[in-house]
2 protein chains.
Amino acid sequence: MSPTESTAGAAPAAPASAAPADGGAPAAAIAAREGILEIAGSVRLHHGGALDGLRVAWRIAGPAEAPVVAALGGISAHRRVYSTEPTAPGWWSEVVGPGLALPAESLRVLSFDWLGGSGDTTGPRGGAAFPAISSYDQAELLLRLLNHLGIRSLRAIVGASYGGMVALAFAERYPERVLQLVVISAADRTHPMSTAWRTVQRRTVRFAIDCGRPAEGLKLARALAMATYRSPEEFAARFGGAPRAGDRGFVFPVEEYLVARGEEYAARYQPDGFLCLSESIDLHHVDASRIFTPTVAVGVREDQLVPIGDMRALVARLPHAQLHEMSSVYGHDAFLKEAEQLKPLLARLPGGVR
Amino acid sequence: MSPTESTAGAAPAAPASAAPADGGAPAAAIAAREGILEIAGSVRLHHGGALDGLRVAWRIAGPAEAPVVAALGGISAHRRVYSTEPTAPGWWSEVVGPGLALPAESLRVLSFDWLGGSGDTTGPRGGAAFPAISSYDQAELLLRLLNHLGIRSLRAIVGASYGGMVALAFAERYPERVLQLVVISAADRTHPMSTAWRTVQRRTVRFAIDCGRPAEGLKLARALAMATYRSPEEFAARFGGAPRAGDRGFVFPVEEYLVARGEEYAARYQPDGFLCLSESIDLHHVDASRIFTPTVAVGVREDQLVPIGDMRALVARLPHAQLHEMSSVYGHDAFLKEAEQLKPLLARLPGGVR
């Protein structure tokens, strides 16, 4: 293994007492290290096949010697969990950071770009064939990262959505390497209705690839995905207005929103990376009865993708778990938005993360 | 107006006493008349524009002189509500017919092909521009049909999904022409989440038209629509099995189901007819406070397209309405499937349809 590293932000993180009274992030730069782990040889994959010369893009941010928490998000997440640089915010900047729900001033936060996605970790490119990726494969990459970085054990994995699936897969396979899980909006397997929505998304992207217009397919898929990420309650409150006449029929307020989100997404992500990770969600299937790591599971009653009943069933099967049910108009996206509701859950991790 | 008529089935419907004890339909043919109403001159449309030479394909089935009930279904419904010919079943054959929940042996059941759809009523063809169609426009066609057929007043309109929207629009505009409404899974306006799913469907179809493969777009749109028509509970019960390896990644059981439904649909319906009627649903917006016709509203708790809260809000605004809430794993499709639950509601129409 010949890692490549860089250091972003030379100053140590500000101590907690320097955080503004309103709980916002301090202006001081975060001590962050980034790198690429290059894995020599071949990595065998859970669903068959193998990948050679695999590269894993990682980032760890926080004070040296602080306990390490892995923070893993949805299939659109990446190694930059939080940042104080406004030009490059992290995907979880509303929840993770100094003074926030996950108090980054006293933790090192580790993450990585997903295998098979659009980031700097190995993924499908240019339409070339790429094997199916399992949440177990992502868990193996995390294990290899821990070995590479000399981290004996994670204080916790806080995983939401796909990241919660990977957290469960990791704890089943490598229980000695993590003390605690926080699993938000992710179960031991996916719900068939949720699979239904994703299969339509994938078929739309494949159809668009066949038509030579992959970005258009990705826009449509993301528009549909956005509807499933949020709740009917939120859409009713935001998009009750009248439609306007467009070039091809009427355009509805919710439609403009979804199209805008689809266009943003298609500008940043690759269609084949989306296909790979979307399928990986649907292939996720761990054995909850073999996951002995203490787990706080967080379910959202309005989540259309991971129904609260599936979170209850997960916790019933996990030997050492408690379920916290919350309500949020953000539905599946609650983990990105509900910092106040998550704060007591993240602060009370057994052993304490602070 | 120069109507064209045909008569299907010469024998009168069997009397109720001739129905099999199990409640199934008798073998006797139904007395049915079909025709095309050709409207001379121009019909002005609710959202602007007008249509010339409009043709309306209608059907009325049941004993002569019996009270007339209009039965109106979703955007895929058509004039053939029920039939005893197994080669051409009606779209509501599980609910409407001699001895069934809506007891057709003592009623004449009227319906018509939707304006703007894929049937024999005027609709968009071959990609030519076609105006936006309102539920009020469909209501006006029904009024013209009553005038043409010499029906002074409908005993009831039983409308489900889009047909329920048209029933509400009709009662607001022409209260003297109908005594009673039964409105199943349809509110005074559509829910923005429901609009979200349909706008993605329409954009997928338009994209496929642009790519020269309209049927492929219609398949994808129908696959998505089917997921919204049913409930997570049904899909969880039916599609929990393992995926199989396909040519382009894994294929999931729910995916095979949705694709099959999409292919069936694309073989029978026109993309531009789908676009027109799908948009018409989202444009639907009636003033419930001005609908004085006594109404039985039926809401399904598992309906993803018409949330039960919207049915409650509708009934709160209607001056003379009662709400019946039911549960069904068929979700929005409950009106097609739950004959036993609908039976007491359809039998107790004030004034009695029997």
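This is a predicted model: local features need pLDDT of at least 70, side-chain atom pairs count only at pLDDT 80 or more; totals for chains, interfaces and linings use all residues.
Let me start with a network of salt bridges that links Glu34(A), Arg59(A), Arg79(A), Arg80(A), Asp113(A) and Asp120(A), where a salt bridge is a side-chain nitrogen of Lys or Arg within 4 Å of a carboxyl oxygen of Asp or Glu. Residues are numbered from 1 along each chain as its sequence is written, chains are lettered from A and ligands numbered from 1 in the order in which they are written, and side-chain values use heavy atoms, with hydrogens and water left out.

Over all chains, a search of the whole structure finds 40 salt bridges, and I will go through three of them. In chain A, Arg202(A) forms a salt bridge with Asp282(A), with 2.7 Å between the closest N and O atoms. That pair links distant parts of the chain, since Arg202(A) sits in helix H3 (residues 192–210) and Asp282(A) in helix H7 (residues 271–283) of chain A, 80 residues apart; helices here are DSSP runs of H or I with at least four residues, strands are runs of E with at least two, and both are numbered from the N terminus. Arg202(A) counts as buried at 1% relative accessibility, and Asp282(A) is buried too, at 6%, where buried means under 20% relative accessible area, exposed over 50%, and partly exposed in between, with a 1.4 Å probe and protein chains only.

The second pair is in chain B, where the side chains of Arg79(B) and Asp113(B) meet in a salt bridge at 2.7 Å, N to O. Arg79(B) lies in the loop between strand E6 (68–72) and strand E7 (96–97), and Asp113(B) in the loop between strand E9 (108–112) and helix H1 (135–149) of chain B, so the pair ties together parts that are 34 residues apart in sequence. Arg79(B) is buried at 16% relative accessible area, and Asp113(B) is buried at 3%.

One of the pairs joins the side chains of Arg203(B) and Glu255(A), 2.7 Å from N to O. Which of these two partners is buried, and which partly exposed? Arg203(B) counts as partly exposed at 28% relative accessibility, whereas Glu255(A) counts as buried at 2%.

How many residues of each chain take part in the contact between the chains? The answer is 47 residues of chain B against 47 residues of chain A, contact meaning heavy atoms within 4.5 Å. The two chains bury about 4100 Å² between them, 69% of it on carbon and sulfur atoms, where buried area is the accessible area (1.4 Å probe) that two parts lose on being put together, summed over both. Met193(B), Phe207(B) and Arg248(B) supply 16% of the area that chain B buries against chain A, more than any other three residues.

Across this interface the rule also finds 10 residue pairs in polar contact, both residues at pLDDT 80 or more; a polar contact is a pair of N or O atoms within 3.5 Å, and within protein one must be able to donate a hydrogen and the other to accept it, with residues adjacent in sequence counting only if both atoms are side-chain atoms. Among the elements that each supply at least two residues of the side of chain B that touches chain A are helix H3 (192–210), helix H6 (253–268) and strand E13 (249–251). The largest share of that side, 14 residues, comes from H3(B).

How are the two copies related? The same surface serves both copies, with 100% of the contact residues of chain B recurring in chain A.

I will end with Ser231(B), which has its place in the loop between H4 and H5 of chain B and is buried, with a relative accessible area of 0%. A polar atom of the Ser231(B) side chain lies 2.6 Å from the backbone oxygen of Val329(B). Leaving aside neighbours within four places in sequence, Ser231(B) is in contact with residues including Met193(A) and Gly331(B).
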